[in-house]
Amino acid sequence: MSITRLCPELEQTFLKLELAKTRSICITGNKAGCGVTRFTSTLAEHYMLAGYRTLLIDLNLDNPAFEPALVSCEGGGDWITNKYTMQLFSGCSVPTTQSEQMSFRDPRALGQKMKHLLCDYDRIIVDAGALNNPQSDLPSAVIANACEATLLTVTGGETTKEELTNALSYLNDANAKMCGIIINQYSQQTLSQQLLSVINRRKFLPSFIKQTLQNVIKSASILNHTV
């Protein structure tokens, strides 16, 4: 995966985190489906390629994407794999029992757990899932507070100003150390694609006019950007 090509905003975020010498990062979203797991995997992969001992912790109870791998980790830890991309990470899959979840719900216990893990790893990336998810027993506020930096993901073209304001207010109340906002434009159409779609739906237009308009739109590089 090319981080620079697929999500250049993560490249800038990575540099910002490195300059601040940030060791633990929480990634959360204003709602489900905004790409938290994808960005968590990509950032963890970036740290691994940079030579850091990286631990990925899956606390996304509403949509867990990682599961224990069938291989053992040499360092005594565990391997987990992304069920959709088959990427392999050193990490912890989502806790399934009440006793396992208890240590992640208690702010003090989670803070101590993070300090203990940082003795063995250089970087820890946490997939915290969506904010205020009623189905989750692990409050994102507690997770964000326990990490040295928090990244908020939103969906380009869908997330409203009010939703963004509420999410930032929620994290601010949790005393989360906000590092940045990632706008997920992965499934967002470019202006060129939107215009072509509109033209194709216009049945009354003669085919030669449609073709001319399509050629003009495709050749205009300025239209090949998401809006």
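Analyst: This is a predicted model, in which local features need pLDDT of at least 70 and side-chain atom pairs count only at pLDDT 80 or more, while totals for chains, interfaces and linings use all residues. Residues are numbered from 1 along each chain as its sequence is written, and side-chain values use heavy atoms, with hydrogens and water left out.

In soluble globular proteins, nonpolar side chains tend to be buried together. A nonpolar core is here a set of buried Ala, Val, Leu, Ile, Met, Phe, Trp, Tyr and Cys residues joined through side-chain atoms within 4.5 Å, where buried means under 20% relative accessible area, with a 1.4 Å probe and protein chains only. The largest such core has 25 residues, and those that touch the most other members are Ile57, Leu59, Leu110, Met114, Ile124, Val126 and Ile143. Among the elements that give two or more residues to this core are β2 (54-58), α5 (107-117) and α6 (140-146), helices being DSSP runs of H or I with at least four residues and strands runs of E with at least two, numbered from the N terminus. The largest share, 4 residues, comes from α6.

A second, separate core of 21 residues includes Leu17, Ile25, Cys34 and Ile80, and Cys34 is buried, with a relative accessible area of 1%.

Conventions. Buried < 20%, exposed > 50% of the residue type's maximum accessible area, 1.4 Å probe, protein only.
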